[in-house]
Amino acid sequence: MTSATVPLPQGADFERIPDFEDVEVAAARLKGQAVVTPLLEYPELNERLGARLLIKPENLQRSGSFKFRGAYNRVSAIPEDVRARGVIAFSSGNHAQGVAAAAKIHGIPATIVMPSDAPRIKIGNTQAYGAKVVTYDRFTEDREAIAAAISAETSATLIKPYDDTLIIAGQGTCGLEIAQQARAAGADLDAVLICCGGGGLSSGSALAIKTLSPRTEVYAVEPETFDDTRRSLQSGTRVGNDPAARSICDALLAMMPGKMTFEMNQRLLAGALAVSDEEVLHAMAFAFRALKLVVEPGGAVCLAAVLSGKIPVAGRSLAITLSGGNVDPERVMEALEIG
């Protein structure tokens with residue numbers, strides 16, 4: 001067996017900051033399982049922006065978001081002798097679907113702790129993969145405590161959404177593909193914008209991109225009411241969000257950057273940008289009408305940042321992620337009416 005298929009031993013360190021080799025091993029594990037999503041380019045959009053914009057549509061990924069990458073990488077490393085105990089995860093929806101899908105592939109029972117107000121499509125898809133869903137109130141209950149209690153009772157393996165070596169490395173394969181595909185397209189990227197909640201995608205992707213293209217600046221993009229990474233980078237320490245904050249970007253509502261992910265982002269990112277819900281809705285409508293892509297609110301923040309001028313683009317080559325497409329029809333209609 002190769003390093004790509006051998007499970008890690010029980011008790012392995014999953015709180016080690018990953019390196020580029022971890023991303024490469026994750027890519028080998030994911031080969032034939034994750035979709036190598038394309039890097040799309042639209043001449044009309046380039047002309048409008050006066051720039052070259054390459055778009056990574058992870059809404060076309062298995063389970064509908066980039067989260068499958070990290071989930072499969074982590075679940076595949078669970079030792080055979082403990083798989084029957086199952087896995088448990090807590091998630092607003094995309095990590096839930098990724099873990100449920102990865103667990104189904106490996107024949108492992110899955111329990112997912114999800115907020116009761118998560119989009120119906122995310123809860124339904126998670127259940128469709130065979131996972132048991134336990135709901136909670138995201139504003140009054142502690143999802144980590146609920147998951148920890150279930151894990152203690154069942155001995156199920158806890159799959160964290162971002163602060164895990166293999167999760168970050170798996171998400172980093174998105175950045176690895178961006179760098180490789182941009183090079184193949186003859187694009188020398190000035191900047192890459194990455195959607196950011198807890199920071200797994202931004203930190204893992206930045207690791208891969210900065211390794212292969214050191215001159216490329218990488219930015220995280222968040223909802224303006226959940227801009228904890230932006231404020232944490234400015235202050236030099238992790239800071240949280242206002243408990244009363246709200247946003248339609250349900251996939252990006254982490255209350256504070258992860259410990260591991262912030263350590264990496266602080267070292268690798270050029271900065272972070274924030275967009276309003278209204279700008280997100282306009283970006284969703286633009287993606288639907290002009291790009292022919294269905295994108296959820298959290299998946300549209302990078303496109304929103306570009307369209308609303310949050311970063312200079314004229315004369316530059318940039319890449320952005322569309323991190324997910326799991327969205328209820330009513331939200332799409334709202335975007336189309338506003339946009």
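Start by selecting Leu-53 and Leu-318: Leu-53 stands opposite Leu-318 in β10. The two strands here, β2 (residues 52–57) and β10 (residues 317–322), pair in the parallel sense over six bridges. Two strands count as paired if DSSP finds at least two bridges between them; strands (E, at least two residues) and helices (H or I, at least four) are DSSP runs numbered from the N terminus.

A note on what you have loaded: this is a predicted model, where local features need pLDDT of at least 70 and side-chain atom pairs count only at pLDDT 80 or more, while totals for chains, interfaces and linings use all residues. Residues are numbered from 1 along each chain as its sequence is written, and side-chain values use heavy atoms, with hydrogens and water left out.

Now show the whole sheet. It is open, with six strands in the order β1-β2-β10-β7-β8-β9 and mixed pairing. At its edges sit β1 (40–41) and β9 (271–275), each pairing on one side only.

α8 lies across β7 (191–195), β8 (217–223) and β10, at about 160° to β7. Helix α9 (residues 228–235) lies across β8 and β9, running at about 145° to β9. Angles run from 0 to 180 degrees between N-to-C directions, with axes fitted to C-alpha atoms, for helices over the stretch in contact (heavy atoms within 4.5 Å).

Move on to β4 (residues 110–115). Six of its six residues are buried, so β4 is largely enclosed by the rest of the structure (buried: under 20% relative accessible area, 1.4 Å probe, protein chains only). Ala-110, Ile-112 and Met-114 point one way, and Thr-111, Val-113 and Pro-115 the other. Strand β3 (residues 87–90) runs parallel to β4, joined by four bridges; pick Phe-90 and you'll find Val-113 of β4 opposite.

Now for the largest pocket, at about 960 Å³. Of its 47 lining residues, Arg-143, Tyr-162, Leu-253, Ala-254 and Met-255 are the closest to its centre. α4 (94–106), α6 (143–154) and α8 (200–212) each supply at least two lining residues. On a 1 Å grid over the protein atoms alone, a pocket is an open set of points with protein on both sides within 12 Å along at least five of seven lines; a cavity is a set where a 1.4 Å probe fits but cannot get out; lining residues have an atom within 4 Å of a point. A volume is the space filled by probe spheres set on the points, which are joined across faces, edges and corners.

Last stop: the largest cavity, about 30 Å³, lined by Met-284, Phe-288, Leu-293, Val-294, Val-295 and Val-332.

Definitions and conventions
Buried < 20%, exposed > 50% of the residue type's maximum accessible area, 1.4 Å probe, protein only.
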